[in-house]
Every structure is written in structure tokens, then in C-alpha cells.
Amino acid sequence: MASRWSGASGGGENRLVSLPLSRIRVIMKSSPEVSSINPDAIFLTAKATELFVQYLATYAYKHGKGNEHKTLTYTHLSQAVQNSDTFQFLADIVPKKILASKYLKMLQKENEGKEIKEEEEEETEESEAEEAS
């Protein structure tokens, strides 16, 4: 039945879903809790995924800044995710794009902060040990 929905006969224009159902089946079966999957569930998952991606792209395009070129870029998607409560669950998956140099500076500051905290903890432990003596 799923082959009828995906247009496996070769007529790509009559397909009801664009995503390959076999890939979705593989992804769903990768979960250890899943033993068998109903073909209808695979089809519905594919259709829901397509509709979600379409909604995200439309939202990002409509609410994106600088759409004078009529293109949708990663920056538009990341802005939509950052600015919309609906897409907040994607914040880790579609982060704001930053330059590698800025990221390296952030990592360096973070590491320096950890080193300072470790030194303070060592000093605190030493002073507590001296007070106990």
C-alpha cells in the first residue's frame, strides 16, 4: 500500500510524498523500541515531515530580513528558529551562524573561566584544610 502512495511505479508526478519511504522506515526501525512499522504510519510520518519543512521554510521566508533577492538562506532559517517560540525546540539543531574565529574566542574564554574556577576551588580546599588543622 505504501508503494502506491510513494509512486514506486515510476510516475514521479503522481507521488503524494516526496521523501523516500524506505529511508523513513530505516530511521524509524533504528529505534530499539520499534519492532514492526505499519506502512500507513510510515506514509503519515513522511507527509507530516514534508508539511513541517514546508511550514518552516514559508515562515522563515516571510519573516526573514533582507528578502529582496527572493531566496531562502540558512540565516533566514536560523533567525526564524531563534525568534519564534514555535521553533525553539530546533535551537540546538539550527543554531545562529557564527564565524569560526568568534567560536574559537568563545571556547578560549570558556576554558579560561573553568581554569579560574578550578584554581579558586583548590584555594578554598587548601584554606579549609588549614582551618581544620
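Ile98 is partly exposed, with a relative accessible area of 41% (partly exposed lies between buried, under 20%, and exposed, over 50%, using a 1.4 Å probe and protein chains only). Keep in mind that this is a predicted model, where local features need pLDDT of at least 70, side-chain atom pairs count only at pLDDT 80 or more, and totals for chains, interfaces and linings use all residues. Residues are numbered from 1 along each chain as its sequence is written, and side-chain values use heavy atoms, leaving out hydrogens and water.

**Around Ile98**
- You'll find Ile98 in the loop between helix 4 (74-83) and helix 5 (100-132); helices here are DSSP runs of H or I, at least four residues, numbered from the N terminus.

**The cores**
- Val17, Leu21, Ile24, Ile37, Ile42, Phe43 and Ala46 make up the largest nonpolar core (buried Ala, Val, Leu, Ile, Met, Phe, Trp, Tyr and Cys residues joined through side-chain atoms within 4.5 Å).
- Helix 2 (21-29) and helix 3 (39-63) each supply at least two residues of this core, and helix 3 gives the largest share, with three.
- Beyond its neighbours within four places in sequence, Ile42 is in contact (heavy atoms within 4.5 Å) with Leu21, Ile24, Arg25, Met28 and Ile37.
- A second, separate core has five residues, among them Leu56, Val81, Phe87 and Leu90.

**Confidence**
- The chain's average pLDDT (the predictor's confidence in each residue, from 0 to 100) is 80, and 76% of the residues score at least 70.
- Over residues 7-13, pLDDT stays under 50.
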